[in-house]
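Biologist: I would like a close look at a single part of this model. Please keep to what can be computed from the atoms.

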Amino acid sequence: MFEFLTLNEPALRFGAFAGVLAAMAIWEALSPRRALASGRARRWTTNLALTGTGTLLLRVAVPLLAVGVAAEAERRGVGLFHWMEVPYAAAFILSLLALDVLVYAQHVVFHRVGLLWRLHRVHHADTDVDVTTGIRFHPGETLISMAIKMAAVALLGAPVAAVILFEVVLNATAMFNHSNIALGTKTDTLLRRLIVTPDMHRVHHSVHRDEHDTNYGFSLSLWDMVFGTYRPQPRDGHTQMRLGLTAFPAPLPSGFGWSLWNPFSTDRHSDGSLPDGRGERTT
């Protein structure tokens, strides 16, 4: 079974990616939460090009990827779940939970470590937040994130099917919770008891530092609530809040070349200070 999943993993992931992207884009067009500040054409081209570049880099640099590591660990009987002879069903569920909290923790670290933030700020620099923001990551961050997941999968001995499902769900939920869709207050309140909703995650893209250092979860809302990083609403309201990073105004983040180069930039503000793109800090 895992051989079939491994061999068809790229097709399965691409199919899910394309389907969710199309569904969210249509939903945004029919029921938008906010008016967009910038046009879609250049932003979407850049955001799609960033994810395409990251995917190509992964296939060239680490063709085994997390699913391949899981298959090899299963073949060799390597990892905690194999060594402890954890039943398959339990290993499957525990793998999904462990990988999800890992992504949460990784996200926190990328906000707090300067060199990692320089990569991650490319994601935050988007001056609008919609379905394509959910796939807007610098290729360097994509590579580091995959390396972390591969190490975790090997340590756990996570089942192949669990890793594939996690990757598909993570990608789908990232596009969903970045989407510019109007869910309605009651639906949002109900859903965020379990998963990260667009209104919940939009707070994370606020220009205010004390807001964008909250709501780190991608799939389950549990981790923000457990670890005290949950913020229910933005101070300025969802329709009026400013998104992005004040150091990088539009149209700069919509450029593909700008986005690739930004982590390595030494451009200075007019006062001579180096921009870290952290937005406004409110005390």
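Is Y104 buried or exposed, and at what relative accessibility?

Modeller: This is a predicted model. Y104 has 6% relative accessibility, and because the cut-off for buried is under 20%, Y104 counts as buried. Y104 sits in helix 5, which spans residues 88-112.

The structure holds seven aromatic pairs. F14 counts as exposed, at 55% relative accessibility, whereas F17, at 16%, counts as buried.

Y104 pairs with F227: the ring centres are 5.6 Å apart and the planes stand at 20 degrees, so the pair is stacked. This pair links distant parts of the chain, as F227 is in the loop between helix 12 (222-226) and helix 13 (256-261), 123 residues from Y104. F227 has 48% relative accessibility and therefore counts as partly exposed.

For a contact between helices, take helix 3 (residues 65-76) and helix 8 (residues 160-178), whose axes come within 8 Å and cross at roughly 170 degrees. The two are therefore roughly antiparallel, and their crossing is right-handed. On the helix 3 side the contact has A66, V67, A70, A71 and E74, which meet V160, V163, I164 and E167 of helix 8. By class, seven residues of this contact are nonpolar, two are charged and none is polar.

Definitions and conventions
Residues are numbered from 1 along each chain as its sequence is written. This is a predicted model: local features need pLDDT of at least 70, side-chain atom pairs count only at pLDDT 80 or more; totals for chains, interfaces and linings use all residues. Side-chain values use heavy atoms; hydrogens and water are left out. Axes are lines fitted to C-alpha atoms, for helices over the stretch in contact, and angles run from 0 to 180 degrees between N-to-C directions. Helices (H or I, at least four residues) and strands (E, at least two) are DSSP runs, numbered from the N terminus. Angles under 35 degrees count as roughly parallel, over 145 as roughly antiparallel, 65 to 115 as roughly perpendicular and the rest as oblique. A crossing is left-handed if the near helix is turned anticlockwise from the far one by less than a right angle, and right-handed if clockwise. Contact means heavy atoms within 4.5 Å. Ala, Val, Leu, Ile, Met, Phe, Trp, Tyr, Cys and Pro count as nonpolar, Asp, Glu, Lys and Arg as charged, and the others, Gly among them, as polar. Rings of Phe, Tyr and Trp (its six-membered ring) pair if their centres lie within 6.5 Å; planes under 30 degrees apart count as stacked, over 60 as edge-to-face and the rest as tilted. Buried means under 20% relative accessible area, exposed over 50%, partly exposed in between (1.4 Å probe, protein chains only).
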